[in-house]
Each structure stands twice: as C-alpha cells, then as structure tokens.
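Please go through the structure below, residue by residue where needed.

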Amino acid sequence: MFDLDKWQEILGTMQKNKLRTFLTAFGVFWGIFMLVLLLGAGKGLENGVYNRFGAGAKNSIYLWTGKTALAHKGMSPGREIKLTNQDIASVHRDVDNVQILSPRNRVLGEFTINYKTKNGSYQVFGAEPGFLKINGEIPFRGRLLNEIDEREKRKVVVIGDQVSKVLFGEGDPVGEYVNIKGIHFKVVGTFKMRGNNSSRREERAYIPFSTLQAAFNQPNQVQMMALVAEPGVSAKDMEGRLRNLLAERHKFSSEDKMAIGVENTEAEFLKVMGLFNGIKIFVWIVGIGTLIAGIVGVSNIMLIIVKERTREIGVRKALGATPFSIVSLILQESVVITAFSGYLGLLAGTGVLAGLEYLMESSGAEAPFFANPEVDPGVALAATFILVISGALAGLMPALKAARIKPIEALRAD
C-alpha cells in the first residue's frame, strides 16, 4: 500500500491524463461541496427559525382567563372564569411533573413610567421569577427578579432595554428609581429579548407578582399562569390535565376551549422541528445523489483505465505480479482521486459557510429566518470517511476485472 514506486506510477498516470483526472475529481468535489452547502444552509435556516422562538422554554404552556361558551351542569354560557392564588396552589399540589409554575398579572389602566423629566407609556407586569425563565427574558444589566423580591414584596422593577433607552439613554439605570402610577420602584436590572418581535417585547417592565397584587389592588387575582413540564413529559398531556383540574374547580366543561385560553409552545415547536427533519432528509437525498454521481464517474474512469492498460497488466502478470498487487494499484488510484477531491470539496464547502457567517456578523445583517450556517464536525468527519470507502468501492469492480485478465489474452489485445 505504501510502495513508493506504485505511488509514483499513480501520479504519473494522473499527470499523463490531466483533463480526465480533473473532470473525474471535479465530479466528486462538486458532490461533497453541494452536500456541505446544503447541510449548512439547512442548519442556518433551522437556527434562524429556532431563534424566532426566543430564549424561552420550548415546552411551555400559557393559560389565561376567558368566558364559557358551553352550558355545563345547568349553568348558562357566558360566565367569566377568574383564576386565583388557590388555583396556583392546586396546580402545584395536584398536577404531577410540573417543573416551573409561575403566575403573571398586568397593571391595568392608562399610565406612564416616569424618571425625572422623562416618561413613556409601557406595559407593567407582575410576575414570579420563574415566569421570566419561561418567557425568555435575558438579563442585560443588573439582574432579574428573584425569590426574595417575591417573598418580601419588594418595590423593585426590571425594565426592558427599549424602556431603558428612552428613560435613561445610554446610561446605566440600575439603582435608579422610576415612578409607576404614583409608586416609586428601584430598578434592579434590564433585560433583552431574542426572537420574534424582540424589540417590541423589550418595551415592558416587570415587578414582583406579590408586589403587584398588594400595591395595585389585585388581591387573589391571577390573569395568566405559565408552566413548564419536566423533561420527557408531554406538554400536550400536561395541558389536558390542567384543563380537567381547572374545569372541576370552576365548574365548566373540560371541552370548552373558550373558558380557559391556552398557548402550547411545544406543539408549535414540534411542528417546525418536524418540518426541518423533512428538509434534512431531502438535503441528504439530494447531496448523496450528487455524490454518488461523482463516484460512479470515478468507477467508469477506472474501467476505461483498466481497458487502456490491459496489455501492461498482462505483462505485469506474465512477469509474476500477483492479483493483489494489480487490485491494490487500481484501488489506490481510485481512493486517491476520491479522497483528495472530496476533501477539497469539504474544505471549500465549510469555507463558503464560514465566509457567509463572517459577512453576516461583520455587516450586522440579520436575516429573519437564517442564522449561523454551520456543519456538524461529526458529519464532516463521517462524510470524509464515507468518501474513502466509496473511493475504494468505486475502484473495486475495475480492479477485480484487471486481476482476472489472463496474460496471454492481454498480450493479444489491441
């Protein structure tokens, strides 16, 4: 396999037929190049859509109050369902496999958030710390709300980055006080959002849930609750159990979709990921098909080479060359062409993807559904390994044909 004379002979044959070697190698190069590009583009599209979901939990459930649309046990439709702190406690107690559960309310009415001479109209919510984890608020300056804030009903607030820019410009708001409906709150942090409508979602402020209930006359009221199921537990199954529990507590039909509004992010997330699984399969089919076409080209060229060198192979066998030496000669040439051109295609494909990512980052461009095109290193290594095996297989049939040539027949060949 490492016979220097054999390697020199292979290189000499390639140099003698440069155009043929180039066209054969280009077929394999193009196949792996397109496979890498398609995989990278597919991953970039997947990353872009994934980012649109934001940094929040991908298996979260949001429930909010509504009005009944179905009659139930003698009660007419149109009743308003109002959730309470006891409902939160009941979910904690009676529903298994809940990892995070957090309520959220909104400060009602028209008002502005004021800081000295500056002000702006923004939504203010009261939430427990778990809600910000579920919803995907990312700390930017300072910190987010914590359990001590909630337990002690502290008058602290976390504001979105857009709110901070309006009220404080480029300055750091942490430690300053803002006025919300006549009550002063200390700013303990700012947050950013990622994903769909991120700037709009940064035009918000959060105070502790317990503080909102006490300070803004919402005792024992819950407008919304958010929860995340434990790993491995279906959010759809959790949604059904929640509906049944709340239907029993508030006496409405569990089939009444209007009594309690539900948003199940896991269902939407799984739909999108299912779509990308289909795209991945399609990309692999197209890429491998292109690659196979290149490898078949290598096999055909090896057959031509064997035919051209029939007389030479006959002389070799007449002088005592073994079938193994003949097979290894053809296989080596096939593997060299396939592996080398495939490796160049791999480098070119990853280089194009890296260049595209660099251009996007350096220019600050943001494609709505495209981000970080990349190829998994494991996939790249597997592709290289498959190329070497494919190169050997591509040359196997021509090599076996060469090994079966009888010296006397080869010497008579034209």
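Q: Is Phe-26 buried, partly exposed or exposed?
A: This is a predicted model, in which local features need pLDDT of at least 70, side-chain atom pairs count only at pLDDT 80 or more, and totals for chains, interfaces and linings use all residues. Residues are numbered from 1 along each chain as its sequence is written, and side-chain values use heavy atoms, without hydrogens and water. Buried means under 20% relative accessible area and exposed over 50%, with partly exposed in between (1.4 Å probe, protein chains only). The relative accessibility of Phe-26 is 38%, so Phe-26 is partly exposed.

Q: Which helix holds Phe-26?
A: Helices are DSSP runs (H or I, at least four residues), numbered from the N terminus. Phe-26 lies in the run of residues 18-52, helix α2.

Q: Is His-250 buried or exposed?
A: His-250 belongs to helix α9, residues 235-250. Its relative accessible area is 18%, so His-250 is buried.

Q: With which side chain does the side chain of His-250 make a polar contact?
A: A polar contact is a pair of N or O atoms within 3.5 Å; within protein, one must be able to donate a hydrogen and the other to accept it, and residues adjacent in sequence count only if both atoms are side-chain atoms. For the side chain of His-250 the distance is 2.8 Å, and the partner is the side chain of Asp-87.

Q: Why are the buried residues of α6 on the same side?
A: In helix α6, residues 161-168, the buried residues are Asp-161, Val-163, Ser-164, Leu-167 and Phe-168. They lie on the same side of α6 because the arc they cover around the axis (taken from the directions from the helix axis to the C-beta atoms) is only 155°.

Note on methods. Helix = DSSP H or I, 4+ residues; strand = E, 2+ residues; numbered from the N terminus.
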